[in-house]
Amino acid sequence: MSAAPDAVRILVVIPAYREGKIIGAVVSAVREHFPYDILVVDDGSPDGTSAAARRAGAVVLELPCNLGIGGAVQAAFLYARDHGYDAVARIDGDGQHEPRDIARVLEPVLQGKADAAIGSRFLGETEYKGSIPRIFGIGFFRALVNLVTGYRVTDPTSGFFAINRRLIEFYSNHYPSDYPEVDAYILMHRLKARAVEVPVRMYERGEGKSSITPFRAMYYMVKVTLSFLINCIRRFG
């Protein structure tokens with residue numbers, strides 16, 4: 001990206017579902033540290049997620065029904081593409097990501113060193129402690145992504161990332177609809193995109209409860225693996 005950082009239009013994207021109790025604090029934390037535009041994609045929440053995000057100063061895109069995380073994030077990419085943003089940084093709406101680390105994730109993209117930068121909870125100092133099913137799944141997908149793509153990945157399920165205009169345009173048309181983080185690596189690989197990892201801090205959920213159980217973890221692994229392999233040979237028009 002050749003434009004100077006102060007000339008680049010940056011959008012912080014926060015997909016959210018039933019995060020009415022915490023989303024306002026997440027938006028406020030981003031606004032406290034950065035001048036960037038903030039888009040909250042309310043994925044059909046039945047609570048006050050949209051109202052809380054607006055009160056905190058975010059633009060809100062309300063989806064009429066729950067599309068899942070992939071659909072919500074793709075809607076944000078469409079918004080970013082159509083409104084002329086040069087870079088997107090995405091964080092979660094549940095308080096797990098440290099907003100101050102947005103600058104760290106954006107840096108390789110804004111300097112033109114990468115098309116995508118992904119925040120890893122396993123680089124540098126970390127206090128992250130996941131459940132056994134989650135840690136096992138992360139290890140499995142790490143091996144799969146590294147084997148197939150050649151990327152050196154430590155945190156393949158991280159939802160904390162930044163991308164440039166090239167990937168905004170591509171993902172606007174081609175983005176996995178369900179559990180997209182692992183699939184995104186094979187899409188980047190096929191596009192010959194440059195991807196790097198940077199260390200970030202991740203915390204326990206600020207609100208709500210994870211849906212990952214041992215049974216769901218196995219289902220998730222099988223489903224994402226099949227989707228990943230399909231995207232290895234899928235044609236993109």
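A residue counts as buried when its relative accessible area is under 20%, as exposed when it is over 50%, and as partly exposed in between, with a 1.4 Å probe and protein chains only. The model described here is predicted, so that local features need pLDDT of at least 70 and side-chain atom pairs count only at pLDDT 80 or more, while totals for chains, interfaces and linings use all residues. Residues are numbered from 1 along each chain as its sequence is written, and side-chain values use heavy atoms, with hydrogens and water left out.

**Overall composition**

The protein chain contains 8 helices and 7 strands; these are DSSP runs numbered from the N terminus, helices being H or I with at least four residues and strands E with at least two. Of its 237 residues, 51% count as buried. The chain exposes about 11200 Å², and carbon and sulfur atoms supply 55% of that area, as computed by the Shrake-Rupley method with a 1.4 Å probe. Contact means heavy atoms within 4.5 Å. Among contacts between residues at least 6 apart in sequence, 78% join residues at least 24 apart.

**Two helix pairs**

Axes are lines fitted to C-alpha atoms over the stretch in contact, and angles run from 0 to 180 degrees between N-to-C directions.

| Helix pair | Axis distance | Angle |
|---|---|---|
| α1 (residues 23-33) and α2 (residues 49-56) | within 8 Å | roughly 25° |
| α5 (residues 132-149) and α7 | 10 Å | about 10° |

The crossing angle makes α1 roughly parallel to α2, a term for angles under 35 degrees, whereas those over 145 are roughly antiparallel, 65 to 115 roughly perpendicular and the rest oblique. The crossing of α1 past α2 is right-handed, meaning that the near helix is turned clockwise from the far one by less than a right angle. On the α1 side the contact is made by Ile 23, Gly 24, Val 27, Ser 28 and Arg 31, and on the α2 side by Thr 49, Ala 52, Ala 53 and Ala 56. These residues divide into 5 nonpolar, 3 polar and 1 charged. In this grouping, Ala, Val, Leu, Ile, Met, Phe, Trp, Tyr, Cys and Pro are nonpolar, Asp, Glu, Lys and Arg are charged, and the others, Gly among them, are polar.

For the other pair, α5 and α7 pack at about 10°, which makes α5 roughly parallel to α7. Phe 141, Val 145, Val 148 and Thr 149 of α5 meet Val 182, Tyr 185, Ile 186 and His 189 of α7. Their contact comprises 6 nonpolar, 2 polar and no charged residues.

Helix α7 is mostly covered, with 9 of its 11 residues buried. The buried residues include Val 182, Tyr 185 and Ile 186, which also take part in the contact with α5. Lys 192 lies in the loop between α7 (180-190) and β7 (195-199). Its phi is near 60°, a positive value in a residue other than glycine. Lys 192 counts as exposed because its relative accessibility is 71%.

**Pro 46 and Arg 18**

Pro 46 lies in the loop between β2 (37-42) and α2. With a relative accessibility of 59%, Pro 46 counts as exposed. Leaving aside residues up to four places away in sequence, Pro 46 touches Tyr 17 and Arg 18. Arg 18 belongs to the loop between β1 (10-16) and α1, and has a positive phi of about 55° although it is not a glycine. Pro 46 and Gly 20 are 26 residues apart in sequence, with their C-alpha atoms 9.3 Å apart in space.
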